[in-house]
Amino acid sequence: MKRLAIIIPAYKENFLFETLQSLANQTNKDFNVYVGDDCSPYDLQSIVSRFEDRLDIHYVRFSENLGRANLIAHWNRCVELLQGEEYFCFFSDDDLMESHCIEKFYEILNSDVREDVYHFDINIIDENSKLIRTCPSFPERISSIAFFKLLYSCQIDARMPEFIFNTKHFYECGGFVEFDLAFRSDNATVMSCAQVKGIYTIPSARVLWRDSGQNISSVKDEKLDIKYRKVKATLTFHNWFDIFLKRNHLDFPFSLSRRRKLILGEIITLYPEYSFKKLSIILLSFKKLKQNPFLLLYYWIDLVFLICKRRSRNNEAVSNKL
């Protein structure tokens with residue numbers, strides 16, 4: 001039985017061959033690969049079949065496209081494909097691994113370093129696999145709170161594919177933390193699983209995360225309702241984090257003032273229809289709130305969303321008349 005599984009919840013065909021090629025190029029191939037086809041309109045099986053003699057690869061095509069309605073539900077059924085592997089990496093259908101990532105993982109494992117969450121540093125590549133940005137390295141060991149603090153002060157970057165989870169511990173922690181569109185679910189899941197022992201970064205190997213404009217965190221020209229859902233998911237994440245801190249008797253790593261600005265900054269980045277001027281009244285309202293300063297935002301976001309949607313419909317109606 002192999003100790004490591006690499007799970008790929010697949011839908012797109014564009015980069016899947018490159019992804020599997022990067023796995024086939026690993027200097028240590030002591031891992032199983034599970035490809036969960038989310039009822040894709042593309043012929044993913046023909047791509048996967050080209051690697052059957054180079055990887056221990058298991059392909060499953062699901063009859064229902066769950067990812068569109070509930071991405072976490074699709075992630076969960078992909079994890080259920082495991083066959084008893086002690087660890088798993090939840091990869092993507094467009095990212096790459098440097099060729100010695102798995103070798104370095106087993107070097108750490110064989111040195112008796114036993115962690116619940118392992119991590120590779122990342123670089124960002126574009127749709128042509130060209131390097132866009134070299135991301136800062138993580139400290140060797142980092143707690144959940146330090147992870148949040150560094151991530152939300154822009155000192156590190158994090159996605160999902162660069163993490164390796166202990167399977168048993170992952171389930172003990174409740175699995176993936178679910179938010180709409182799985183937006184911020186990666187960060188919350190990592191923090192949940194890393195609360196006890198923290199995150200251990202494997203040195204001298206990187207995952208190459210692709211900013212293709214096609215994944216949920218980088219897609220361009222989004223519809224208004226998707227922006228709205230991302231904003232609501234972001235607020236849900238911050239509420240979850242508030243509960244996470246209280247449950248673990250931890251203090252928030254930022255001041256309340258910085259916390260307010262952090263959340264509003266995220267909203268405006270995701271949803272440019274907002275502006276600081278429009279949200280200034282919320283900042284004033286926040287001053288009266290000592291804890292959990294997010295609930296009021298839901299009402300304001302709903303209001304602004306409805307106004308923006310109504311304006312969009314009005315503009316469309318005018319255009320049609322013209």
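**Group meeting: a walk through a predicted model**

Let's start in a loop, the one between α5 and β9, where we find Asp157. Keep in mind throughout that this is a predicted model. So, is Asp157 buried or exposed? Its relative accessible area is 16%, and since anything under 20% counts as buried, Asp157 is buried. Its side chain makes a polar contact of 3.0 Å with the side chain of Arg133. Arg133 also turns up among the residues Asp157 touches beyond four places in sequence, and the others there are Ile122, Cys135, Pro136, Phe138, Leu151 and Glu162.

Okay, let's step back to the whole chain. We have 322 residues, and 54% of them count as buried. The chain has eleven helices and ten strands. If you take contacts between residues at least 6 apart in sequence, 78% of them join residues at least 24 apart.

How far can we trust the picture? The mean pLDDT of the chain is 87, with 81% of residues at 70 or more. There's one stretch to watch, though: over residues 280-291 the pLDDT stays under 50, and the model has 13 contacts there beyond four places in sequence.

Now for the inside. Nonpolar side chains in soluble globular proteins tend to be buried together. Here, the largest nonpolar core has 54 residues, and the ones with the most contacts inside it are Phe88, Phe90, Phe147, Phe148, Phe165, Trp240 and Phe241. Several elements give it two or more residues, including β1, β4, α5, β9 and α9. Which element gives the largest share? That's α8, with eight residues.

Let me pick out Phe88. Setting aside its neighbours within four places, Phe88 is in contact with Leu4, Ala5, Ile7, Val79, Leu82, Phe163, Ile164, Phe165, Thr167 and Phe170.

With 24 residues at 1.5 Å each, α8 should span 34 Å, and its end C-alpha atoms are 35 Å apart, so the two agree. Of those 24 residues, 17 are buried, so α8 is largely enclosed by the rest of the structure. After α8 comes His249, which has a positive phi, near 55 degrees.

At the other end of the numbering we have α1, residues 16-24. The buried residues there are Leu16, Thr19, Leu20, Ser22, Leu23 and Ala24. And what do the buried residues of α1 pack against? They pack against β1, β2, α2, β3 and β5.

One more helix: α5, residues 144-151, which holds Ser144. Ser144 is buried, with a relative accessible area of 1%. Its side chain reaches the backbone oxygen of Ala194 at 3.5 Å. Not counting residues up to four places away, Ser144 touches Met191, Ala194, Gln195 and Phe244.

Last topic, the cysteines. Cys89 is buried, with a relative accessible area of 1%, whereas Cys154 is exposed, at 72% relative accessibility.

How values were computed
Residues numbered from 1 in each chain as written. Predicted model: local features only at pLDDT ≥ 70, side-chain atom pairs only at ≥ 80, totals over all residues. Heavy atoms only, no water. Helix = DSSP H or I, 4+ residues; strand = E, 2+ residues; numbered from the N terminus. Buried < 20%, exposed > 50% of the residue type's maximum accessible area, 1.4 Å probe, protein only. Polar contact = N/O pair within 3.5 Å; in protein donor to acceptor, adjacent residues only side chain to side chain. Contact = heavy atoms within 4.5 Å. pLDDT = per-residue confidence, 0-100. Expected span 1.5 Å × (residues − 1). Core = buried A, V, L, I, M, F, W, Y, C linked by side-chain atoms within 4.5 Å.
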